[in-house]
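Trainee: Could you walk me through reading a helix, a buried side chain and a pocket in a model like this one?
Mentor: Gladly, let's take them in turn.

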Amino acid sequence: MDNRLGLGDEEEGDVGTLWHSLDWLTSCVMVVGGALPYASQYQQILRTKNTDGFSTRVCLVLLVANILRILFWFGKQFEVTLLLQSVVMILTMLVMLNLCCSVQNTNRISTKQQHITDLDPRFFWSWDGFEDYLIFLLAFTLPCAFTTLLLLDSSLFVESLGFLAVLTEAMLGLPQLLQNQRNHSTTGMSVNMVLLWMAGDSFKTAYFALKESPLQFLLCGLAQVLVDLAILYQVCLYSQDPWDKLA
C-alpha cells in the first residue's frame, strides 16, 4: 500500500514538473516570439538595401503600445512575461529603426535632411537621424510616466491606460496594410514576417485566454489576427504567385 502511494506521489511530481517546464517554455516563447517576425524583414532590408516595402510606422505603433503597456503594469501588475515581452519588443523596434535610417541615408540622393527639430508635421516619423526617433520617444515617455505616477491610484485611469495600450497594439498591422493599399503592391514586404505575425498573434491570443489575462489583451489579440488576415489577402490580391515572395 505504501509503495503504491509512493509511486503515485512520484508520478504526480513528474507531471507537475512537466507542466512547469511547459509553462516556462510558453513564457519564453511569449517573451521573444513577438520579435522573431522582424528577423525576416531585417534580413530582407539588409539584402536589398531598400526599405520601401516596410512601413516604419509599424515601429511607431509598437513602441507607443509597449511603452504604455509597461506603464499599465505599474497600475495593474499582470504577468511578468508580458512585461518582459514589451521590453524585448521596444529593443527590437529600435534595432529596426536604426537599420532603416542607415539604409535610407545610404540611398538618399538629396543633401537636405529632415529632423524632429524642424517641427514640420509633414515629415513626422520620416526623419533622417536615428537620434530623432530617440528624442521623440523620450518626449513621449516622460510626460506619460509622470501622469501615470500622479494618477496611479485612479482605477479609471489605469484601466483606460490599459485599453489605450492594447488598442494601439491592435493597430500594429494597420500601417503596413495601408502602405500596401497605397502602393497596390506588397513588394519589399517580407511575407514571412506577416505569416509569423499571424502565428504569433494566434498563439498569444490563446495564451491570454488560458492565463485569464486582462480583457484588454484578449481583444487586442483578436483584432491583430483580423488585420494579419487582411494583409495576407493583399499578398494574394497583388501577386499572381505570392509564395514566390517567401524566398
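**From helix to pockets**

Mentor: This is a predicted model. Helix α9, residues 215-238, has 24 residues, which at 1.5 Å a residue should span 34 Å; the C-alpha atoms at its ends are 35 Å apart, so the two values agree.

Trainee: Which residues of α9 are buried?

Mentor: Start with the general idea: an α-helix has 3.6 residues a turn, so residues three or four places apart point the same way. In this model, the buried residues of α9 include Phe217, Cys220, Gln224, Asp228, Ile231 and Val235. Gly221 and Val225 are also among them.

Trainee: And what covers the buried residues of α9?

Mentor: The cover includes helices α3, α4, α6 (155-170), α7 and α8.

Trainee: Let me try a single residue. Is threonine 205 buried or exposed?

Mentor: Threonine 205 sits in helix α8. Buried means under 20% relative accessible area, and threonine 205 has 9% relative accessibility, so it counts as buried.

Trainee: Which residues does threonine 205 contact, apart from its neighbours within four places in sequence?

Mentor: Those contacts are Leu218, Gly221, Leu222 and Val225. With glycine 221 there is a polar detail too: a polar atom of the threonine 205 side chain lies 3.4 Å from the backbone oxygen of glycine 221.

Trainee: Now the pockets. What is the volume of the largest pocket, and which residues lie nearest its centre?

Mentor: For any pocket, look at volume, then lining, then residue classes. The largest pocket here has a volume of about 510 Å³. Its lining has 24 residues, and Thr51, Asp52, Thr56, Gln104 and Ser126 lie nearest the centre. Helix α4 (80-107) gives the most to this lining, with seven residues, while α7 (174-183) supplies at least two. By class, the lining has 10 nonpolar, nine polar and five charged residues.

Trainee: How does the second largest pocket read in those terms?

Mentor: The second largest pocket has a volume of about 320 Å³. It is lined by 22 residues, with Gly33, Gly34, Leu196, Gly200 and Asp201 closest to its centre. Here α8 (191-210) gives the most, with seven residues. Helices α1 (2-33), α2 (37-48), α3 (57-75) and α4 each supply at least two.

Trainee: How many residues of each class line the second largest pocket?

Mentor: That lining divides into 12 nonpolar, six polar and four charged residues.

Key. Residues are numbered from 1 along each chain as its sequence is written. This is a predicted model: local features need pLDDT of at least 70, side-chain atom pairs count only at pLDDT 80 or more; totals for chains, interfaces and linings use all residues. Side-chain values use heavy atoms; hydrogens and water are left out. On a 1 Å grid over the protein atoms alone, a cavity is a set of points where a 1.4 Å probe fits but cannot get out, and a pocket is an open set with protein on both sides within 12 Å along at least five of seven lines; lining residues have an atom within 4 Å of a point. Grid points are joined across faces, edges and corners, and a volume is the space filled by probe spheres set on the points. Helices (H or I, at least four residues) and strands (E, at least two) are DSSP runs, numbered from the N terminus. Ala, Val, Leu, Ile, Met, Phe, Trp, Tyr, Cys and Pro count as nonpolar, Asp, Glu, Lys and Arg as charged, and the others, Gly among them, as polar. The expected span of a helix is 1.5 Å times one less than its number of residues. Buried means under 20% relative accessible area, exposed over 50%, partly exposed in between (1.4 Å probe, protein chains only). Contact means heavy atoms within 4.5 Å. A polar contact is a pair of N or O atoms within 3.5 Å; within protein, one must be able to donate a hydrogen and the other to accept it, and residues adjacent in sequence count only if both atoms are side-chain atoms.
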